[in-house]
Amino acid sequence: MFLLIYTVFFLFPAFSLQQHSCGAESEKWQGIDESVVKKFAKEHGREAKEPLINTDQGDLLLFVFLLAGTIGGFVGGYYWRMLAEQKQDKSADGTGNGHGNIH
Amino acid sequence: MKVLHSKSAVQGLYLLVVTTSCIVLTVCEAHAMHISEGILPLNWAALWFVVAAPFVAAGLQRLKKLSAIDLSFKPLVGLMAAVVFIISCMPIPVPSAGTCSHPCGTGMSGILLGPTISVLIAAVALLIQALFLAHGGLSTMGADIVSMGVMGSFAGYLTFKALRFMKVNLSIAGFMAGLLADWATYITTSAELASGIRGDSAFVPLFWKILIAFIPTQLPLGILEGAMTAGMVVLLYKKRPDLLVKMRVLKPEEIAI
(Lines give C-alpha, C1' and ligand atoms only; values in the text may rest on other atoms or scores of the structure.)
Protein backbone atom coordinates (compact mmCIF):
# COMPACT_ATOMS: atom_id res chain seq x y z
CA MET A 1 0.00 0.00 0.00
CA PHE A 2 2.82 2.36 0.95
CA LEU A 3 4.58 1.57 -2.30
CA LEU A 4 1.46 2.23 -4.31
CA ILE A 5 0.93 5.60 -2.64
CA TYR A 6 4.60 6.45 -2.99
CA THR A 7 4.61 5.52 -6.68
CA VAL A 8 1.39 7.32 -7.50
CA PHE A 9 2.01 10.49 -5.55
CA PHE A 10 5.77 10.96 -5.73
CA LEU A 11 7.67 8.71 -8.07
CA PHE A 12 5.51 8.82 -11.20
CA PRO A 13 4.67 12.53 -10.97
CA ALA A 14 8.29 13.44 -10.32
CA PHE A 15 9.43 11.37 -13.29
CA SER A 16 6.82 12.85 -15.61
CA LEU A 17 7.52 16.37 -14.40
CA GLN A 18 11.21 15.88 -15.09
CA GLN A 19 10.34 14.55 -18.56
CA HIS A 20 8.26 17.51 -19.66
CA SER A 21 10.00 20.39 -17.94
CA CYS A 22 13.35 20.08 -19.75
CA GLY A 23 14.48 23.57 -20.67
CA ALA A 24 11.27 25.23 -19.45
CA GLU A 25 11.26 27.72 -16.64
CA SER A 26 8.85 26.37 -14.06
CA GLU A 27 6.96 28.80 -11.86
CA LYS A 28 5.68 27.52 -8.52
CA TRP A 29 1.95 26.71 -8.43
CA GLN A 30 1.47 27.57 -12.06
CA GLY A 31 -1.79 26.30 -13.50
CA ILE A 32 -1.49 23.46 -15.97
CA ASP A 33 -3.03 25.61 -18.68
CA GLU A 34 0.16 27.69 -18.43
CA SER A 35 2.60 24.86 -17.82
CA VAL A 36 1.08 22.45 -20.34
CA VAL A 37 -1.63 23.83 -22.66
CA LYS A 38 -0.16 27.27 -23.44
CA LYS A 39 3.41 25.96 -23.40
CA PHE A 40 2.75 23.33 -26.08
CA ALA A 41 0.52 25.68 -28.06
CA LYS A 42 3.28 28.30 -28.10
CA GLU A 43 5.82 25.72 -29.22
CA HIS A 44 3.56 25.02 -32.21
CA GLY A 45 2.88 28.65 -33.05
CA ARG A 46 -0.49 29.09 -31.31
CA GLU A 47 -0.98 31.82 -28.71
CA ALA A 48 -3.94 32.33 -26.38
CA LYS A 49 -6.05 35.38 -27.13
CA GLU A 50 -7.55 37.77 -24.61
CA PRO A 51 -10.96 36.56 -23.37
CA LEU A 52 -14.11 38.41 -24.49
CA ILE A 53 -14.63 39.80 -21.00
CA ASN A 54 -11.17 39.99 -19.52
CA THR A 55 -11.44 39.71 -15.76
CA ASP A 56 -7.82 38.59 -15.49
CA GLN A 57 -6.67 42.07 -14.47
CA GLY A 58 -5.09 42.66 -11.08
CA ASP A 59 -7.28 41.57 -8.20
CA LEU A 60 -10.44 41.61 -10.33
CA LEU A 61 -10.01 37.90 -11.02
CA LEU A 62 -9.81 37.17 -7.29
CA PHE A 63 -13.03 39.10 -6.83
CA VAL A 64 -14.97 37.27 -9.55
CA PHE A 65 -13.71 33.91 -8.35
CA LEU A 66 -14.65 34.73 -4.79
CA LEU A 67 -18.09 35.86 -5.98
CA ALA A 68 -18.55 32.76 -8.13
CA GLY A 69 -17.43 30.50 -5.28
CA THR A 70 -19.78 32.18 -2.82
CA ILE A 71 -22.79 32.04 -5.16
CA GLY A 72 -21.98 28.45 -6.15
CA GLY A 73 -21.57 27.51 -2.50
CA PHE A 74 -24.89 29.08 -1.52
CA VAL A 75 -26.73 27.44 -4.43
CA GLY A 76 -25.18 24.05 -3.61
CA GLY A 77 -26.02 24.43 0.10
CA TYR A 78 -29.58 25.58 -0.69
CA TYR A 79 -30.33 22.59 -2.87
CA TRP A 80 -28.64 20.17 -0.49
CA ARG A 81 -30.84 21.50 2.30
CA MET A 82 -33.87 21.13 0.04
CA LEU A 83 -32.94 17.49 -0.67
CA ALA A 84 -32.45 16.75 3.02
CA GLU A 85 -35.74 18.47 3.96
CA GLN A 86 -37.67 16.54 1.32
CA LYS A 87 -36.61 13.39 3.11
CA GLN A 88 -37.85 14.74 6.45
CA ASP A 89 -41.18 15.76 4.86
CA LYS A 90 -41.56 12.30 3.39
CA SER A 91 -40.86 10.71 6.75
CA ALA A 92 -43.44 12.99 8.38
CA ASP A 93 -46.02 12.16 5.69
CA GLY A 94 -45.24 8.49 6.02
CA THR A 95 -45.13 8.23 2.24
CA GLY A 96 -41.87 6.29 2.43
CA ASN A 97 -39.60 5.51 -0.45
CA GLY A 98 -39.79 5.85 -4.21
CA HIS A 99 -42.80 5.96 -6.46
CA GLY A 100 -41.09 4.23 -9.30
CA ASN A 101 -38.02 5.25 -11.21
CA ILE A 102 -37.51 8.53 -13.00
CA HIS A 103 -35.79 7.00 -16.03
CA MET B 1 -32.71 15.20 18.80
CA LYS B 2 -32.07 13.27 15.60
CA VAL B 3 -33.63 16.08 13.55
CA LEU B 4 -31.46 18.64 15.31
CA HIS B 5 -28.40 16.51 14.66
CA SER B 6 -29.27 16.14 10.98
CA LYS B 7 -29.97 19.88 10.67
CA SER B 8 -26.64 20.84 12.16
CA ALA B 9 -24.92 18.35 9.85
CA VAL B 10 -26.60 20.01 6.86
CA GLN B 11 -25.59 23.43 8.10
CA GLY B 12 -22.08 22.21 8.71
CA LEU B 13 -21.85 20.88 5.17
CA TYR B 14 -23.31 24.11 3.85
CA LEU B 15 -20.73 26.22 5.69
CA LEU B 16 -17.98 23.86 4.62
CA VAL B 17 -18.93 24.19 0.95
CA VAL B 18 -19.06 27.99 1.10
CA THR B 19 -15.91 28.43 3.16
CA THR B 20 -13.90 25.90 1.19
CA SER B 21 -14.98 27.46 -2.09
CA CYS B 22 -14.04 30.92 -0.90
CA ILE B 23 -10.68 29.92 0.50
CA VAL B 24 -9.60 27.53 -2.22
CA LEU B 25 -10.74 29.70 -5.07
CA THR B 26 -8.60 32.56 -3.85
CA VAL B 27 -5.49 30.56 -3.04
CA CYS B 28 -3.89 30.67 -6.47
CA GLU B 29 -4.68 32.03 -9.88
CA ALA B 30 -7.45 30.51 -11.90
CA HIS B 31 -5.51 28.47 -14.38
CA ALA B 32 -6.45 24.95 -15.26
CA MET B 33 -7.23 22.50 -17.98
CA HIS B 34 -9.83 24.36 -20.05
CA ILE B 35 -8.37 25.24 -23.43
CA SER B 36 -8.01 29.01 -23.60
CA GLU B 37 -9.41 31.35 -26.24
CA GLY B 38 -7.55 31.23 -29.55
CA ILE B 39 -5.44 28.15 -28.85
CA LEU B 40 -7.32 25.94 -31.34
CA PRO B 41 -7.56 26.87 -35.03
CA LEU B 42 -11.07 27.84 -36.16
CA ASN B 43 -11.75 24.63 -38.10
CA TRP B 44 -10.89 22.45 -35.12
CA ALA B 45 -12.84 24.66 -32.72
CA ALA B 46 -15.88 24.40 -35.02
CA LEU B 47 -15.53 20.62 -35.29
CA TRP B 48 -15.66 20.21 -31.50
CA PHE B 49 -18.81 22.36 -31.37
CA VAL B 50 -20.40 20.03 -33.91
CA VAL B 51 -19.39 16.99 -31.85
CA ALA B 52 -20.69 18.54 -28.60
CA ALA B 53 -24.02 19.89 -29.96
CA PRO B 54 -26.04 16.61 -30.08
CA PHE B 55 -25.05 15.74 -26.53
CA VAL B 56 -26.11 19.16 -25.23
CA ALA B 57 -29.41 18.90 -27.14
CA ALA B 58 -30.01 15.41 -25.73
CA GLY B 59 -29.30 16.76 -22.24
CA LEU B 60 -31.82 19.57 -22.68
CA GLN B 61 -34.47 17.17 -23.90
CA ARG B 62 -33.86 14.73 -21.05
CA LEU B 63 -33.91 17.47 -18.42
CA LYS B 64 -37.24 18.75 -19.75
CA LYS B 65 -38.69 15.24 -19.73
CA LEU B 66 -37.51 14.31 -16.25
CA SER B 67 -38.50 17.64 -14.69
CA ALA B 68 -42.03 17.17 -16.01
CA ILE B 69 -42.25 13.70 -14.45
CA ASP B 70 -40.87 14.46 -11.01
CA LEU B 71 -40.33 17.81 -9.31
CA SER B 72 -37.98 16.28 -6.73
CA PHE B 73 -35.46 15.94 -9.54
CA LYS B 74 -34.87 19.72 -9.56
CA PRO B 75 -32.88 20.05 -6.29
CA LEU B 76 -30.52 17.30 -7.37
CA VAL B 77 -29.87 19.04 -10.69
CA GLY B 78 -29.34 22.35 -8.84
CA LEU B 79 -26.94 20.72 -6.40
CA MET B 80 -24.96 18.99 -9.14
CA ALA B 81 -24.82 22.16 -11.27
CA ALA B 82 -23.34 24.08 -8.31
CA VAL B 83 -20.92 21.26 -7.52
CA VAL B 84 -19.70 20.92 -11.13
CA PHE B 85 -19.36 24.69 -11.49
CA ILE B 86 -17.33 25.07 -8.29
CA ILE B 87 -15.22 21.97 -8.74
CA SER B 88 -14.33 22.70 -12.35
CA CYS B 89 -12.96 26.16 -11.59
CA MET B 90 -11.32 25.30 -8.30
CA PRO B 91 -7.53 25.36 -8.66
CA ILE B 92 -6.05 22.81 -6.29
CA PRO B 93 -2.31 22.94 -5.60
CA VAL B 94 -0.62 19.58 -6.13
CA PRO B 95 2.54 19.54 -3.97
CA SER B 96 4.16 16.59 -5.79
CA ALA B 97 4.03 18.53 -9.08
CA GLY B 98 4.23 22.12 -7.83
CA THR B 99 1.33 23.10 -10.08
CA CYS B 100 -2.39 23.82 -9.76
CA SER B 101 -5.26 22.12 -11.54
CA HIS B 102 -8.87 21.22 -10.92
CA PRO B 103 -11.08 18.15 -10.77
CA CYS B 104 -14.08 18.08 -13.14
CA GLY B 105 -17.10 16.83 -11.17
CA THR B 106 -18.70 15.38 -14.28
CA GLY B 107 -18.09 11.80 -13.16
CA MET B 108 -20.20 12.52 -10.09
CA SER B 109 -22.98 14.25 -12.04
CA GLY B 110 -22.84 11.55 -14.72
CA ILE B 111 -23.56 8.88 -12.10
CA LEU B 112 -26.28 10.80 -10.29
CA LEU B 113 -28.13 12.52 -13.16
CA GLY B 114 -27.20 10.44 -16.17
CA PRO B 115 -24.54 11.37 -18.72
CA THR B 116 -26.60 13.61 -21.03
CA ILE B 117 -27.83 15.94 -18.28
CA SER B 118 -24.30 15.99 -16.92
CA VAL B 119 -23.08 17.22 -20.34
CA LEU B 120 -25.65 20.02 -20.21
CA ILE B 121 -24.54 21.04 -16.71
CA ALA B 122 -20.90 21.04 -17.81
CA ALA B 123 -21.79 23.21 -20.83
CA VAL B 124 -23.50 25.81 -18.62
CA ALA B 125 -20.61 25.81 -16.13
CA LEU B 126 -18.07 26.21 -18.95
CA LEU B 127 -20.07 29.06 -20.52
CA ILE B 128 -20.16 31.04 -17.26
CA GLN B 129 -16.47 30.38 -16.66
CA ALA B 130 -15.51 31.44 -20.20
CA LEU B 131 -17.63 34.59 -20.00
CA PHE B 132 -16.83 35.90 -16.54
CA LEU B 133 -13.86 34.05 -15.06
CA ALA B 134 -11.35 34.23 -17.95
CA HIS B 135 -11.29 30.44 -17.59
CA GLY B 136 -11.43 28.62 -20.92
CA GLY B 137 -12.56 30.35 -24.09
CA LEU B 138 -15.79 30.87 -26.00
CA SER B 139 -14.36 29.63 -29.30
CA THR B 140 -12.83 26.60 -27.58
CA MET B 141 -15.95 25.81 -25.55
CA GLY B 142 -16.95 22.98 -27.89
CA ALA B 143 -13.65 21.22 -27.23
CA ASP B 144 -13.98 21.82 -23.48
CA ILE B 145 -17.55 20.45 -23.49
CA VAL B 146 -16.40 17.32 -25.31
CA SER B 147 -13.48 16.66 -22.95
CA MET B 148 -15.01 17.60 -19.61
CA GLY B 149 -18.71 17.16 -20.33
CA VAL B 150 -19.04 14.30 -22.78
CA MET B 151 -15.96 12.19 -22.00
CA GLY B 152 -16.00 12.89 -18.26
CA SER B 153 -19.71 12.15 -17.85
CA PHE B 154 -19.81 9.04 -20.03
CA ALA B 155 -16.56 7.61 -18.60
CA GLY B 156 -17.87 8.10 -15.06
CA TYR B 157 -21.34 6.77 -15.82
CA LEU B 158 -20.18 3.71 -17.76
CA THR B 159 -17.46 2.83 -15.24
CA PHE B 160 -19.94 3.06 -12.38
CA LYS B 161 -22.56 0.98 -14.19
CA ALA B 162 -20.03 -1.67 -15.22
CA LEU B 163 -18.60 -2.00 -11.71
CA ARG B 164 -22.05 -2.12 -10.09
CA PHE B 165 -23.05 -4.78 -12.62
CA MET B 166 -20.05 -6.77 -11.36
CA LYS B 167 -21.40 -6.29 -7.79
CA VAL B 168 -18.54 -3.99 -6.78
CA ASN B 169 -19.05 -2.02 -3.56
CA LEU B 170 -20.80 1.37 -3.97
CA SER B 171 -17.92 3.48 -2.69
CA ILE B 172 -15.31 1.66 -4.80
CA ALA B 173 -17.48 1.96 -7.91
CA GLY B 174 -17.92 5.70 -7.15
CA PHE B 175 -14.20 6.13 -6.61
CA MET B 176 -13.25 4.40 -9.86
CA ALA B 177 -15.91 6.35 -11.77
CA GLY B 178 -14.55 9.69 -10.51
CA LEU B 179 -10.97 8.65 -11.17
CA LEU B 180 -11.59 7.49 -14.74
CA ALA B 181 -13.85 10.45 -15.52
CA ASP B 182 -11.03 12.81 -14.57
CA TRP B 183 -8.38 10.93 -16.50
CA ALA B 184 -10.65 10.53 -19.54
CA THR B 185 -11.12 14.31 -19.55
CA TYR B 186 -7.40 14.98 -19.65
CA ILE B 187 -6.69 12.26 -22.21
CA THR B 188 -9.32 13.89 -24.45
CA THR B 189 -7.87 17.36 -23.82
CA SER B 190 -4.46 16.01 -24.88
CA ALA B 191 -5.97 14.60 -28.08
CA GLU B 192 -7.85 17.83 -28.83
CA LEU B 193 -4.79 19.94 -28.24
CA ALA B 194 -2.45 17.67 -30.21
CA SER B 195 -4.81 17.54 -33.19
CA GLY B 196 -5.41 21.28 -33.15
CA ILE B 197 -1.89 22.63 -32.74
CA ARG B 198 0.25 19.99 -34.43
CA GLY B 199 0.55 21.66 -37.85
CA ASP B 200 2.95 19.43 -39.80
CA SER B 201 4.06 17.44 -36.75
CA ALA B 202 2.91 13.86 -36.21
CA PHE B 203 -0.15 13.51 -34.00
CA VAL B 204 0.79 10.50 -31.85
CA PRO B 205 4.16 11.70 -30.43
CA LEU B 206 2.69 15.13 -29.65
CA PHE B 207 -0.35 13.54 -28.01
CA TRP B 208 1.89 11.45 -25.72
CA LYS B 209 4.09 14.44 -24.95
CA ILE B 210 1.09 16.48 -23.81
CA LEU B 211 -0.44 13.58 -21.90
CA ILE B 212 2.82 12.90 -20.05
CA ALA B 213 3.00 16.59 -19.15
CA PHE B 214 -0.47 16.36 -17.57
CA ILE B 215 0.43 13.31 -15.47
CA PRO B 216 2.27 14.89 -12.50
CA THR B 217 -0.73 17.06 -11.69
CA GLN B 218 -3.63 14.98 -12.90
CA LEU B 219 -2.62 11.59 -11.54
CA PRO B 220 -3.04 12.65 -7.90
CA LEU B 221 -5.98 14.93 -8.72
CA GLY B 222 -7.81 12.02 -10.36
CA ILE B 223 -7.46 10.14 -7.08
CA LEU B 224 -8.86 13.15 -5.23
CA GLU B 225 -11.75 13.32 -7.69
CA GLY B 226 -12.39 9.60 -7.13
CA ALA B 227 -12.55 10.18 -3.38
CA MET B 228 -14.92 13.16 -3.81
CA THR B 229 -17.21 11.17 -6.10
CA ALA B 230 -17.29 8.19 -3.75
CA GLY B 231 -17.96 10.56 -0.84
CA MET B 232 -20.93 12.21 -2.57
CA VAL B 233 -22.47 8.90 -3.66
CA VAL B 234 -22.11 7.42 -0.17
CA LEU B 235 -23.45 10.62 1.45
CA LEU B 236 -26.54 10.53 -0.76
CA TYR B 237 -26.90 6.81 -0.04
CA LYS B 238 -27.04 7.62 3.67
CA LYS B 239 -29.24 10.73 3.37
CA ARG B 240 -31.49 10.02 0.36
CA PRO B 241 -31.32 6.39 -0.74
CA ASP B 242 -34.79 6.77 -2.28
CA LEU B 243 -33.41 9.39 -4.65
CA LEU B 244 -30.63 7.04 -5.77
CA VAL B 245 -33.28 4.42 -6.52
CA LYS B 246 -35.31 6.94 -8.51
CA MET B 247 -32.23 7.90 -10.49
CA ARG B 248 -31.46 4.21 -11.04
CA VAL B 249 -28.12 4.52 -9.32
CA LEU B 250 -29.27 1.74 -7.00
CA LYS B 251 -31.89 -0.98 -7.22
CA PRO B 252 -34.74 -0.91 -4.64
CA GLU B 253 -33.58 -4.17 -3.06
CA GLU B 254 -30.14 -2.67 -2.45
CA ILE B 255 -31.51 -0.15 0.04
CA ALA B 256 -34.04 -2.44 1.69
CA ILE B 257 -32.84 -3.17 5.22
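Biologist: Does B:C104 count as buried or exposed?
Modeller: This is a predicted model, in which local features need pLDDT of at least 70, side-chain atom pairs count only at pLDDT 80 or more, and totals for chains, interfaces and linings use all residues, while side-chain values use heavy atoms, with hydrogens and water left out. Residues are numbered from 1 along each chain as its sequence is written, and chains are lettered from A and ligands numbered from 1 in the order written. Buried means under 20% relative accessible area, exposed over 50%, and partly exposed in between, with a 1.4 Å probe and protein chains only. At 0% relative accessibility, B:C104 is buried.

Biologist: How many disulfides are there over all chains?
Modeller: A disulfide is a pair of cysteine sulfur atoms within 2.5 Å. By this rule, the count over all chains is 0.

Biologist: How far from B:C104 is the nearest cysteine sulfur?
Modeller: B:C89 is buried, at 2% relative accessible area. B:C104 is in no disulfide, and the nearest cysteine sulfur, that of B:C89, lies at a distance of 12 Å.

Biologist: Which residues of chain B does A:F40 touch?
Modeller: A:F40 sits in helix α2 (residues 32-43) of chain A, helices being DSSP runs (H or I, at least four residues) numbered from the N terminus. A:F40 is buried, with a relative accessible area of 1%. Contact means heavy atoms within 4.5 Å. Leaving out residues up to four places away in sequence, A:F40 touches B:I197, B:L206, B:K209, B:I210 and B:A213.

Biologist: What is the phi of B:K167?
Modeller: Most residues other than glycine have a negative phi. B:K167, in the loop between α6 and α7 (170-197) of chain B, is exposed at 70% relative accessible area. Although not a glycine, B:K167 has a positive phi of about 65°.

Note on methods:
Helix = DSSP H or I, 4+ residues; strand = E, 2+ residues; numbered from the N terminus.
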